[in-house]
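Here are a few notes to read with the model open beside you. Take the points one at a time and find each spot as you go.

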Amino acid sequence: MREKIIYGLGILAAVLLARNLYSIFMQLPDEASQGMIYRIIFFHVPAAITAMLCAGTAAIASVTFLVTKNFKYDAVAVAVTEVGLAFLAANLVTGSIWGRIIWGIWWTWDARLTSALVCWLLYAGYLMLRQAIEEPTARARIGAVFNIFAFTDVPIVFFSIKWWRTQHPQPVFWGGGSIDPAMYWTAALNLLALVLLAVVLTLIRLRQEEVQREIDSLRRYAHAV
Amino acid sequence: MDFIRQVLVITRKDLRAELRTKEAINASLAFALVILVLFSFAFDPTADQTREMSGGLLWIVFAFAGTLVLNRSFARELPNDCLDALVAAPISGGALFLGKALANFVLVMAVELVSLPVFGIFYNVHWTSRFWSLLLVLALGTWGLTVIGTIFSALTVNIRLRELMAPLLVYPMLIPALMSAMQLTMDLIAGKPLGGDNEIWLRLLVAFDVIFTALSLLLLETVLVG
Amino acid sequence: MTAVAAEGVWKFYGDYPALRDVILHAEQGACLALIGRNGAGKTTLLRIIGGFSKAARGQVRILGSDPRETETRRRVGWIGHGISVYDELSAFENLSLFGRLYNLPHPRKTAMEWLERTGLERVKDGLVREFSRGMRQRLAVARAFLHQPSVLLLDEPFTALDDRAIAVLQRLLREALAEGRTVVMSTHQLREALELATQVALLNRGKIAFHGERTPEMVADPGWVYAHYGEG
């Protein structure tokens with residue numbers, strides 16, 4: 001049953017992505033000042049949002065683990081963090097490409113970009129920290145606490161664009177810029193596609209964690225007998 | 001009141017132990033002064049350049065030198081298994097955390113207060129024009145540095161490669177606080193007052209301090225025992 | 001009320017089951033000697049009882065409560081593998097520190113008292129890092145007994161002690177037991193431990209293989225329990 005859900009969601013995500021790609025490249029007109037490259041925003045922004053959703057899920061899973069001591073939640077935390085890290089990397093890379101074409105620079109240390117990079121480093125640190133702890137209970141516990149600390153950084157990313165003058169363009173989809181409803185709709189659909197993709201990847205990774213734990217416990221019983 | 005008493009017992013213990021050996025604080029102070037001098041020597045900045053980079057330079061120095069003190073915070077409990085005795089003692093995790101954080105704060109502030117005049121001399125900078133505001137920013141920034149350094153010292157106390165791990169994890173966490181402190185310090189050294197443009201940084205720094213202090217107080221027990 | 005109770009305790013380190021369904025009790029006033037080969041799980045079990053780590057399954061109770069509760073911690077004394085005193089502080093400073101941590105009414109006076117009881121009064125201002133091994137052990141004992149704990153948990157307390165330290169520890173343990181305190185100690189030093197013990201438990205590869213009264217045979221032949229209940 002689990003497998004069917006994964007396949008089902010996967011197909012849905014693929015179909016949606018295909019439809020969106022068609023829409024992005026074939027149907028929507030070029031943007032007034034940016035030309036072709038603006039289309040990258042349909043991946044850049046949804047990837048960021050997906051990454052944030054992953055971070056939120058990981059934080060909730062971490063807190064739940066600390067409360068219930070159930071390793072299922074620890075597995076969710078690590079799985080969803082890995083997936084989120086991938087999406088955040090996609091966000092940084094797409095942003096960098098866009099910046100190179102439009103502004104002529106690969107990188108700048110403004111607040112938004114810095115915070116996104118910091119988040120990436122933090123969650124990469126989470127994975128590194130887990131790697132350094134062999135004992136599974138300690139690994140889950142220490143990881144969960146660290147995840148909570150890391151997540152507290154995320155609001156800074158979210159609000160920074162409102163608080164500081166920054167080189168980053170003002171939010172396109174919020175903040176009262178004028179935008180073609182067709183573009184808004186496409187972005188929203190792509191967000192859905194990326195979120196579905198994230199869910200599929202997380203479920204696959206989660207399944208792997210659970211299988212690993214099952215093997216571990218079988219080995220434990222074998223030792224004990 | 002019990003809580004405060006317990007905090008101070010821990011603080012006194014840490015300070016007494018550190019001042020007796022002076023290992024961490026000597027290393028930290030030496031590091032800070034050497035970097036400051038080397039930088040001045042290597043880049044020989046003009047007055048304008050110095051003013052621009054004062055905030056950044058000072059807080060990088062403080063962060064790196066501070067880490068030398070902060071990493072030892074829980075590591076010093078490992079010889080003789082003293083950490084066991086602290087965990088077994090009837091004090092709350094919050095009291096243990098705050099006690100250590102306070103001791104660390106005192107030590108790192110001491111290093112910073114010695115570094116500032118040295119900075120002033122070698123870079124020909126008049127940094128005392130907004131002295132009390134600067135002291136406030138120093139305290140707030142150092143507290144942020146201390147809180148994160150202390151809790152992460154606890155997080156990594158039993159991990160192999162602890163010496164490498166802790167700094168790697170701490171610096172990204174500190175970036176918002178360091179950014180704020182750098183901006184404020186740069187403005188204050190240039191003679192601008194607090195408030196107006198840079199008030200937002202001050203608020204961020206205070207929020208950072210409050211949030212992470214609260215989180216650390218709550219979670220230390222979980223980190224050490226489960 | 002049972003002083004120390006472990007019910008169905010399991011502990012895993014990764015794949016390896018360090019403790020398997022351990023059930024153990026010690027009544028108030030008892031002296032339980034926990035024996036077993038290296039790697040049997042004695043330290044693991046004691047640390048779970050002491051509240052330093054959590055069991056994967058099962059429950060531990062000290063004086064009816066969770067070991068981590070503040071009031072419980074106040075009534076437990078612990079000696080682990082390390083001496084748990086600070087090298088950079090003096091003997092007196094160490095004991096005063098723990099006196100204050102345990103909220104004793106007169107920490108300095110109590111510290112002096114225990115320095116005398118462990119024969120360390122002459123080196124009270126000496127730094128611990130300059131102490132001999134025996135002196136360090138005696139100071140560890142003073143630290144553990146300082147706050148008059150109702151339950152004493154000792155992990156191989158007689159290991160590598162010199163004769164003087166052994167004598168001090170045995171005397172203090174006898175006095176504590178006479179006062180109705182409970183002692184649970186793991187040990188390799190069968191002779192010294194069995195002299196004091198009222199109960200004996202054998203831990204074999206994480207399982208309790210024997211748990212019963214200490215008999216005269218055991219004292220006469222310390223290897224008796226291993227011979228009858230241990231594996232080869």
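This is a predicted model: local features need pLDDT of at least 70, side-chain atom pairs count only at pLDDT 80 or more; totals for chains, interfaces and linings use all residues.

1. What is the phi of Leu161(B)? Near 60 degrees, a positive value in a residue that isn't glycine. Most residues other than glycine have a negative phi. Leu161(B) has 12 C-beta neighbours inside 10 Å, so it counts as exposed.

2. Now try Asn80(B), which sits in the loop between α3 (47-75) and α4 of chain B. Its phi is positive too, near 65 degrees, and again the residue is not a glycine. Is Asn80(B) buried or exposed? Buried, because 20 other C-beta atoms lie within 10 Å.

3. Next, see where chains B and C meet: 19 residues of chain B and 25 residues of chain C take part in the contact. On chain B's side, α1 (2-21) and α4 (82-88) each give at least two residues. The largest share, six residues, is from α1(B). By type, chain B's side splits into eleven nonpolar, three polar and five charged residues.

4. Finally, go to helix α1 (residues 42-49) of chain C. Six of its eight residues are buried, so the rest of the structure largely encloses this helix. Among the buried ones are Leu45(C), Leu46(C), Ile48(C) and Ile49(C). After α1(C) comes Gly51(C), with a positive phi near 85 degrees.

Definitions and conventions: Residues are numbered from 1 along each chain as its sequence is written. Chains are lettered from A and ligands numbered from 1 in the order in which they are written. Two residues are in contact if their C-beta atoms, placed from the backbone, lie within 7 Å. Helices (H or I, at least four residues) and strands (E, at least two) are DSSP runs, numbered from the N terminus. Ala, Val, Leu, Ile, Met, Phe, Trp, Tyr, Cys and Pro count as nonpolar, Asp, Glu, Lys and Arg as charged, and the others, Gly among them, as polar.
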